[in-house]
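Q: Hi! I'm new to this one and would like a quick tour. Could you show it to me before we start?

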Amino acid sequence: MDKQKRNTNYNIYVESKIPKTKAWPSLFKAFLVGGLICAIGQGFYDLYSYFFPNLAESELTSCMLMTIIFITCFLTGLGIYDVIGAWGGAGSVIPITGFSNSISSPAIEFKKEGIIYGICVKMFTIAGPVIVCGVVGSIICGFVGLFN
Amino acid sequence: MQTIKLKNKPYLLAGYSMVGPLEGKGPLKDYFDYILKDDTLKEKTFEKSERKLLQDIIVGAIDKAGLKITDIDFFFGGDLLNQIVSSSYTARELEIPFIGLYSACATMAESLALASIFVDNGLAENVVAGTCTHFSSAERQYRFPLELGNQRPPTAQWTITGGGASVISKTPSNIRVSAVTFGRVVDFGIGDVNNMGAAMAPAACDTIREHIKNMGRTAKDYDLILTGDLGKLGSEILIDLMEHDKIILGKNYSDCGCMIYDKTERVFMGGSGAGCSASVLNSYIFKKLSAGDFKRILLVSTGALMSTTTSQQGDTIPGIAHAVELEFAGANKTNLKVNFSKDTNNVKSKKGGK
């Protein structure tokens, strides 16, 4: 039996042995955590609109985002957010809190290599692709919008 | 032939193991020589913690053997960090002539095998072989920042914090090294870095089969065949692969990665890392062998020889496994137990003094 065939068969065999992640419990946890984060965000939004009725809608959104980004960074520093993430999965990754965690966690981790080579260089190792894709996506959308 | 039978059967004079707090809660907690309360070891970075850990382990093993650092001719060792820095920096502090090795998680068996060959051929009197890993420094190098809120797939394994060292010597003790087998690099085309067990199982299968064949034995001749860190899935795969080669691994088969953690811990498929087989060998196995509970065991440390760069470039994971056969040499060679408990206390008191 040649090696390629052997490897293909082995990969098929291994695939059949791998325990599968159960979809429904994962979805439920993600829904719960994601929903809770959004509810907290909405809570802050309502709170700010109650106390500062003069603020515009976009300003209220910014204030709310700043608050939950700060809370996430704080929880990351305390070593709590990774526990939430391990339990909640995509529920904690998709909201802006996941983005905040992906920037603050390497910043904490690589602080030991110094401010320039550690924090500045490594800060966007995980969030970098999101930013690049976001920018490139915006450019494409901009062009499409321009000619329509 | 890839199996080397050792004519003089050098002795395993002492084994010393040290593990982190999580491993110290596991089923083998009573066998480890020292359990850390603080896994930073009061160092500023985890890389520094890892080398402090290895240094303490090597010194502990030498102390336990009743020797001085100057009595040791060579230090065989390696670790998982880039350029095996933990071992090199440990060797810098200890000033023992250093032979740096790398076989990823199979480093313990590799260094033990080479150390035994050195002593067997009269090239050295006393040699120390050891390795260790640290969860946090390995995560940093191979995976994600510790505080990132990500999920691991069910096939992932948990790099242990801990390690062990053995002193191989001409001086008689209860354990002898009778044969070693250096493994071939085997790659069955697994590319998933979160499924190391499946990548390494074919290598373990190859080495065990060759060792048993070359020694003219069957699997039943061993009280224990112990793989390094295949984990739960990898062990199941190995049993299937061996069965395919008509070698039945029954109750006398176990895996260090499956033994080290409590079932309730969230460690997925079990422990991994170079320190995994090092700590289990130098705690549980050493004590069982020197008491004569096991007569003959086969340690097969398994390693995955990829790097983060090769994985990102889409290469598959080559596996390797080295085997060391250990035998009970008969009791009362030396009064080990008394000596050992006394020496262990010495090590602990020295630590307190620092």
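Predicted model: local features only at pLDDT ≥ 70, side-chain atom pairs only at ≥ 80, totals over all residues.

Q: Thanks! Which domains is chain B divided into?
A: Domain 1 covers 3-171 + 334-353, and domain 2 covers 175-328.

Q: And what separates their centres?
A: Taken over C-alpha atoms, the centres of domain 1 of chain B and domain 2 of chain B are 18 Å apart.

Q: How many residues does each one put into the contact?
A: Domain 1 of chain B gives 57 residues and domain 2 of chain B gives 61 residues. On the domain 1 side, at least two residues come from each of several elements, including strand 2 (11-19), strand 6 (126-133) and helix 4 (135-142) of chain B. The largest share of that side, 8 residues, belongs to helix 3 of chain B.

Q: What is that side like by class?
A: The side of domain 1 of chain B that touches domain 2 of chain B has 32 nonpolar, 17 polar and 8 charged residues.

Q: Let's change topic. Which residues touch the most other members in the largest nonpolar core?
A: That core has 111 residues, and those with the most contacts to other members are B:A61, B:V127, B:V128, B:A204, B:I297, B:L299 and B:V300. Helix 5 of chain B contributes the most, with 10 residues. Both domain 1 and domain 2 of chain B supply at least three residues each to this core.

Q: What is B:A204 in contact with, leaving aside its neighbours within four places in sequence?
A: The contacts of B:A204 are B:T227, B:L230, B:L238, B:V300, B:T302 and B:A321.

Q: Where does another core lie?
A: Apart from the largest one there is a core of 5 residues, among them A:V33, A:I37, A:L75 and A:I84.

Q: Back to helix 5 of chain B: why call it largely enclosed?
A: Because 15 of its 20 residues are buried, helix 5 of chain B is largely enclosed by the rest of the structure.

Q: What span should it have?
A: At 1.5 Å a residue, the 20 residues of helix 5 (residues 196-215) of chain B should span 28 Å, and the end C-alpha atoms are 28 Å apart, which agrees. After helix 5 of chain B comes B:G216, with a positive phi near 65°.

Q: Last one: how many residues does the contact take from chain B and from chain A?
A: It takes 20 residues from chain B and 28 residues from chain A. On the chain B side, helix 6 (residues 231-244) of chain B has the largest share, 3 residues. The residues of that side are 10 nonpolar, 6 polar and 4 charged.

Note on methods. Residues numbered from 1 in each chain as written. Chains lettered and ligands numbered in written order. Helix = DSSP H or I, 4+ residues; strand = E, 2+ residues; numbered from the N terminus. Expected span 1.5 Å × (residues − 1). Buried ≥ 20, exposed ≤ 12 C-beta atoms within 10 Å, placed from the backbone. Contact = placed C-beta atoms within 7 Å. Nonpolar A, V, L, I, M, F, W, Y, C, P; charged D, E, K, R; others polar. Domains from an automatic or database assignment. Core = buried A, V, L, I, M, F, W, Y, C linked by C-beta atoms within 7 Å.
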